[in-house]
Amino acid sequence: MGTTALITGASSGLGVGFAHRLAERGADLVLVARRQDRLEGLAVELAEKYGTASTVIPLDLTGPNAVAELITDLRTRNITVGTLVNNAGFGTFGPFADSDAARQREQVALNVQVLTELTQAFLPDLLRTAGAHPHGAALVNLASTAAFQPVPRMAVYGATKAYVLSFTEALWYETHASGLKVTALCPGPAVTEFSRVAGIAARRRAQSVDRVMDTVFADLDRGTPPPHRVSGAGNAALAWLSRVAPRRTVVKATGRLTARRRTAQ
């Protein structure tokens, strides 16, 4: 993957994991997130460790015209995106009736609208790169194990990730003859900042970022990835079960599970 990779949400967690794995494979990077200091520190670290060049773009992607500004910025710099990792996203926890409307709009905007707009903007570049460099072009969209069933107390988050899963699988089919590697990565709880932002306690058995990266890059390195990949055998089994069990049973079981999640302090 020796082309240029754009990673959103690159300042922490899985975004940092993607940056290291792609830089290790020879890609130059475009790192996008809100926290400039973290992005600049990551860029220095990647340059020292892998000799890769990183373009740092501090940007709140939910801001007015933010996606258009990012696209224009990259066009002005003559940067062609060969790999796109739509990693930026967040969740909220609690009954929907008690939720903050502005925060929910922001969640839908980042998890769904921004991901869709960036994919549409850069897909032509990804397809051209796939034609010229079949091992250097990929589209990875971050879904979640929450995509496989409704999630009471995280109703909007689960719905946004169900969208990401469906959208990405459709693109996998539409582009399968092009050589572009398309997949929806569906991690379960991982050791990231997600739980803190969502306001829930971190899971004791959360996967490490490295383990999640091992899962997705095993597919990307091997060749044609599947339409989606669940990270972890246990998570994959639960995702499968949620699709074959009666819907009412699945929703009730998920509701009981989220009821036990204590609010983070």
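**Notebook: contacts, cores and backbone**

I started with Arg75. Leaving aside neighbours within four places in sequence, I find Arg75 in contact with Ala121, Phe122 and Asp125. I am working from a predicted model. Arg75 sits in helix H3, residues 66–76. Arg75 has 37% relative accessibility, so I log it as partly exposed. I also checked a residue 46 places away along the chain, Leu29. The C-alpha atoms of Arg75 and Leu29 are 15 Å apart.

**Nonpolar cores**

I then turned to the largest nonpolar core, which has 39 residues. Which of its members touch the most others? I list Leu6, Val32, Leu61, Leu70, Leu74, Leu84 and Phe122. Phe122 is also one of the contacts I noted for Arg75. Two or more core residues come from each of strand E2 (28–33), H3, helix H4 (101–132), helix H5 (155–174) and strand E6 (181–186). H4 gives the largest share, eight residues. For context, nonpolar side chains in soluble globular proteins tend to be buried together.

I followed up Leu61. Setting aside residues up to four places away in sequence, Leu61 touches Thr8, Val32, Ala66, Val67, Leu70, Ala88, Leu110 and Val114. Val32 and Leu70 are on my list of core members with the most contacts, as is Leu61.

**H1 against H2**

How do helix H1 and helix H2 pack? H1 covers residues 13–24 and H2 covers residues 36–50. Their axes are 10 Å apart, at an angle of about 30 degrees. Angles under 35 degrees count as roughly parallel, so I call H1 roughly parallel to H2. The crossing of H1 past H2 is right-handed. From H1, the contact uses Val16, Ala19, His20, Ala23 and Glu24. From H2, I note Leu42, Glu45, Leu46, Lys49 and Tyr50. By type, the contact residues divide into six nonpolar, one polar and three charged.

**Positive phi**

Last, I looked at two backbone angles. Asn65 is not a glycine, yet its phi is positive, near 65 degrees. I place Asn65 in the loop between strand E3 (54–58) and H3. Is Asn65 buried or exposed? Its relative accessible area is 58%, so I log Asn65 as exposed.

Arg153 also has a positive phi, about 75 degrees, without being a glycine. Arg153 lies in the loop between strand E5 (138–142) and H5.

Key:
Residues are numbered from 1 along each chain as its sequence is written. This is a predicted model: local features need pLDDT of at least 70, side-chain atom pairs count only at pLDDT 80 or more; totals for chains, interfaces and linings use all residues. Side-chain values use heavy atoms; hydrogens and water are left out. Axes are lines fitted to C-alpha atoms, for helices over the stretch in contact, and angles run from 0 to 180 degrees between N-to-C directions. Helices (H or I, at least four residues) and strands (E, at least two) are DSSP runs, numbered from the N terminus. Angles under 35 degrees count as roughly parallel, over 145 as roughly antiparallel, 65 to 115 as roughly perpendicular and the rest as oblique. A crossing is left-handed if the near helix is turned anticlockwise from the far one by less than a right angle, and right-handed if clockwise. Contact means heavy atoms within 4.5 Å. Ala, Val, Leu, Ile, Met, Phe, Trp, Tyr, Cys and Pro count as nonpolar, Asp, Glu, Lys and Arg as charged, and the others, Gly among them, as polar. Buried means under 20% relative accessible area, exposed over 50%, partly exposed in between (1.4 Å probe, protein chains only). A nonpolar core is a set of buried Ala, Val, Leu, Ile, Met, Phe, Trp, Tyr and Cys residues joined through side-chain atoms within 4.5 Å.
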